Amino acid sequence: MDNLILKVCTKVLFTPIILFGLYVQFHGDFGPGGGFQAGVIVAAAFILYAMVFSVEDCKVIMPPKLNFFLLALGAFLYGFVGIIGLILGDPYLSYDVLGTTKEAGQHIGILLVEFGVGLTVCNVMISLFYSFANFNFGKKNND
Amino acid sequence: MMPFIIKNLPILIVITPLMFSLIVAVLNNNRLAWTLSTFASFLTMIFTIFLCFEVSYKSNISYYLGNWPPPLGIEYVIDRISIIPIMIVSVIGLIATLFAHNFFTLEIDEKLVSKTYSLWLLTIAGLIGLITTADAFNLFVFLEISSLSAVALVALGSKVDRKALVAGYNYLILGAVGATFYVIGVGLLYGVTGTLNMGDLAQKIPALGLNKSVIVAFTFMMLGIMVKAAVFPLHIWLPNAYAYAPSPVSVLLAATATKVSIYIIVRISYTIFGSSYEIYSFESLRYILLYLAILAMFAGTIMAIFEKDVKKLLAHSSVAQIGYIVLGISLATSPGIASSFIHLINHALIKAGLFMSIVAMGYYTLKRIDVKTIAGLGRQLPITFFSFVICALSLAGLPLTVGFISKLYLIKAAYMSEGIWLPFLILVSSALSLIYIWKLIEGLWYSKKSLKIEKIRELPEIYLPLLVITFLNIYFGIDAGLIIDNSFIASDALMSGIR
């Protein structure tokens with residue numbers, strides 16, 4: 001697509017979309033929002049960029065390898081926060097021990113877990129988009 | 001360190017493969033990915049063995065996730081019943097992982113191998129999670145984890161044969177229908193009881209009496225899981241999925257996936273609905289299951305007799321063997337359920353051994369194994385052939401193998417509750433299964449091609465895991481006490497839930 005207006009608007013919108021995503025992300029533990037919604041919003045910024053410029057340009061700012069790494073990292077973060085509780089002597093996924101008080105611990109725990117969810121959802125969305133955008137009918141798919 | 005591990009065993013057996021699958025996914029080195037996967041499944045097996053000892057003197061271990069007590073939070077329960085399928089999954093998982101390396105490097109794109117191991121560990125984690133969880137909705141989550149990763153693994157067979165894509169797609173659609181049915185049932189139950197914990201559900205259901213939502217919920221849950229367990233008319237996805245999956249995946253799925261689903265059938269009908277047994281569960285349903293099981297025994301065996309492709313043949317025979325297991329459950333007596341638990345373990349050993357030896361033959365000859373290409377292979381590959389014969393005879397139920405033990409107890413239980421006609425049918429279908437077994441052995445050993453004998457070098461990393469399985473097939477056929485005792489303890493524990 002070679003439209004100047006679209007390109008300029010995308011460049012202007014790109015960062016605010018991500019910022020809004022982060023707002024939804026960190027708002028999530030005491031209001032509507034959270035990792036799932038935030039992940040989709042952040043991914044929408046990248047998908048918009050890929051649609052207006054090109055998939056190849058998007059792969060420069062979000063290389064598929066990094067994308068896959070972040071995807072696994074998010075889920076790993078979720079599990080690992082649970083394991084911290086387990087190492088400190090509580091059952092798996094209990095966040096009480098993370099902070100000085102129980103409430104603070106739960107707060108920190110849910111924040112980290114939601115961040116992991118956001119990271120994974122965002123990168124799953126992007127990698128889904130990549131694999132459909134790269135799909136060549138009849139040809140062998142390399143990514 | 002030890003008390004920490006002992007306290008957290010029920011969760012450790014699930015998160016060890018789960019966390020390792022995330023680490024393995026991002027690795028570039030295939031050898032390292034395999035080593036880590038083996039390490040993860042080894043750790044899982046060690047934890048399972050610890051858990052066996054724990055369970056043997058505590059008899060019931062309950063674990064609250066995140067320290068939230070049961071009706072609110074998720075509870076994991078390990079008891080004398082669930083330890084049996086956990087043991088099957090972790091032992092077969094370890095042996096199959098050891099076995100997998102050569103096959104994955106041959107059959108899958110080099111770039112995808114580490115991701116394949118990730119899916120592989122995710123399948124194992126999902127299957128173990130399915131067994132440990134005592135929360136009806138958490139069970140659905142693990143059902144999705146295990147079946148979606150299994151679908152992806154089946155579809156990865158497309159480098160060798162593109163039919164794997166169709167097989168994977170069928171598995172995906174039917175598996176999704178099954179999981180949806182299950183979750184509809186859970187939703188209805190939650191609507192009328194307000195709880196998802198299995199123990200809590202069992203307490204609250206009897207008070208509802210003849211509630212239509214509960215009847216519908218029971219039907220949906222059972223149907224959904226019966227699709228996953230490939231009980232006879234719902235088995236359509238199974239033969240193709242097993243036949244076209246990458247070789248180690250066939251081994252893992254054939255030995256564990258359907259067994260776990262059958263365990264869930266038992267759990268639903270005895271633990272959740274057991275307390276209101278007379279109203280909902282079996283007296284009507286058990287005859288449906290009984291006749292379906294008999295049909296499965298014959299349909300599976302006859303399909304296997306006429307099948308040319310050996311992997312598909314074994315998959316059809318799996319359908320028949322699932323029939324035997326369901327038959328034991330449908331007798332609804334303590335010996336009946338014990339016999340189906342015995343066959344659950346034994347069939348996992350038999351099918352793992354058979355699939356491993358057949359795919360090993362495929363690996364050495366680089367050909368798809370069907371009735372024609374196996375001609376004379378037995379003489380070229382003596383060790384693999386030996387294992388194949390032992391496991392095949394075990395499938396037919398020859399004395400001194402595990403197959404004999406399970407047939408013996410099944411026939412005994414069938415005779416005790418239904419009279420002479422049912423043992424007769426079991427014996428007839430066993431005799432029919434000899435036809436396809438003999439067809440394979442004849443082709444492997446007595447074929448004319450075997451006159452020119454040139455031995456292929458057999459690789460130790462392939463035949464050692466195979467020999468371990470073969471050894472287990474004979475060992476538990478001679479000294480079956482361990483399996484039989486534990487199966488009877490499990491079935492008595494289940495029956496005591498029925499008031």
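## A first look at chains A and B

B:Ala230 sits in the loop between α9 (212-229) and α10 (237-244) of chain B. Keep in mind as you look around that this is a predicted model. What makes B:Ala230 worth a stop is its backbone: phi is positive, about 60 degrees, although the residue is not a glycine. Is B:Ala230 buried or exposed? It's buried, with 29 other C-beta atoms within 10 Å, and the cut-off for calling a residue buried is 20 or more.

Chain B has another residue of this kind to look at. B:Leu400 has a phi near 75 degrees, again a positive value in a residue other than glycine. You'll find B:Leu400 in the loop between α16 (382-396) and α17 (402-418) of chain B.

Now step back to the whole chains. Chain B is built from 20 helices and two strands. Its radius of gyration is 22 Å, close to the 23 Å that the globule rule gives for 499 residues, so chain B is as compact as a globular protein of that length.

Chain A has five helices and zero strands, and from the N terminus on its elements simply run α-α-α-α-α. Here the radius of gyration is 18 Å, well over the 15 Å that the globule rule gives for 143 residues, so chain A is more spread out than a compact globule.

Here are some overall values for each chain:

| Chain | Property | Value |
|---|---|---|
| Chain B | Box filled by the C-alpha atoms, along the principal axes | roughly 75 × 55 × 40 Å |
| Chain A | Span of the C-alpha trace, along the principal axes | about 55 × 35 × 20 Å |
| Chain B | Buried residues | 59% of the 499 residues |
| Chain A | Buried residues | 35% of the 143 residues |
| Chain B | Share of contacts with a separation of 6 or more that join residues 24 or more positions apart | 79% |
| Chain A | Share of contacts between residues at least 6 apart that join residues at least 24 apart | 60% |

### Helix pairs in chain B

Take α5 (residues 113-132) and α6 (residues 136-155) of chain B: they pack at an angle of about 150 degrees, with their axes 8 Å apart. With angles over 145 degrees counting as roughly antiparallel, that is therefore how α5(B) and α6(B) run relative to each other. The crossing of α5(B) and α6(B) is left-handed. Which residues of α5(B) and α6(B) make the contact? On the α5(B) side they include B:Trp120, B:Gly126 and B:Gly129, while α6(B) brings in, among them, B:Phe142, B:Ser146 and B:Ala150. Sorted by class, the residues of this contact of α5(B) with α6(B) are 12 nonpolar, six polar and no charged.

Next come α4 (residues 83-107) and α14 (residues 334-365) of chain B, which pack at an angle of about 5 degrees, with their axes 11 Å apart. Angles under 35 degrees count as roughly parallel, so α4(B) and α14(B) are roughly parallel to each other. Among the residues that meet here are B:Ile88, B:Phe99 and B:Asn102 in α4(B), and B:Phe341, B:Met356 and B:Tyr363 in α14(B). The contact of α4(B) with α14(B) has 14 nonpolar residues, one polar and no charged.

### Where chain B touches chain A

How many residues of chain B are in contact with chain A? The count is 13, and they touch 13 residues of chain A. On the chain B side, the elements that give two or more residues are α2 (9-25) and β1 (60-64). The largest share, six residues, comes from α2(B). By class, the side of chain B that touches chain A has 10 nonpolar, three polar and no charged residues.

### A residue in chain A

To finish, have a look at A:Ile18, which is in helix α1 (residues 4-27) of chain A. A:Ile18 is partly exposed, with 18 other C-beta atoms within 10 Å. Leaving aside neighbours within four places in sequence, A:Ile18 is in contact with A:Val42 and A:Ala45. A:Asn3 is 15 residues from A:Ile18 in sequence, and the C-alpha atoms of the two are 23 Å apart in space.

Terms used. Residues numbered from 1 in each chain as written. Chains lettered and ligands numbered in written order. Predicted model: local features only at pLDDT ≥ 70, side-chain atom pairs only at ≥ 80, totals over all residues. Helix = DSSP H or I, 4+ residues; strand = E, 2+ residues; numbered from the N terminus. Rg over C-alpha atoms; globule rule 2.2 N^0.38 Å. Buried ≥ 20, exposed ≤ 12 C-beta atoms within 10 Å, placed from the backbone. Contact = placed C-beta atoms within 7 Å. Nonpolar A, V, L, I, M, F, W, Y, C, P; charged D, E, K, R; others polar. Axes fitted to C-alpha atoms, helices over the stretch in contact; angles between N-to-C directions. Parallel < 35°, antiparallel > 145°, perpendicular 65-115°, else oblique. Left-handed = near helix turned anticlockwise from the far one by under 90°.
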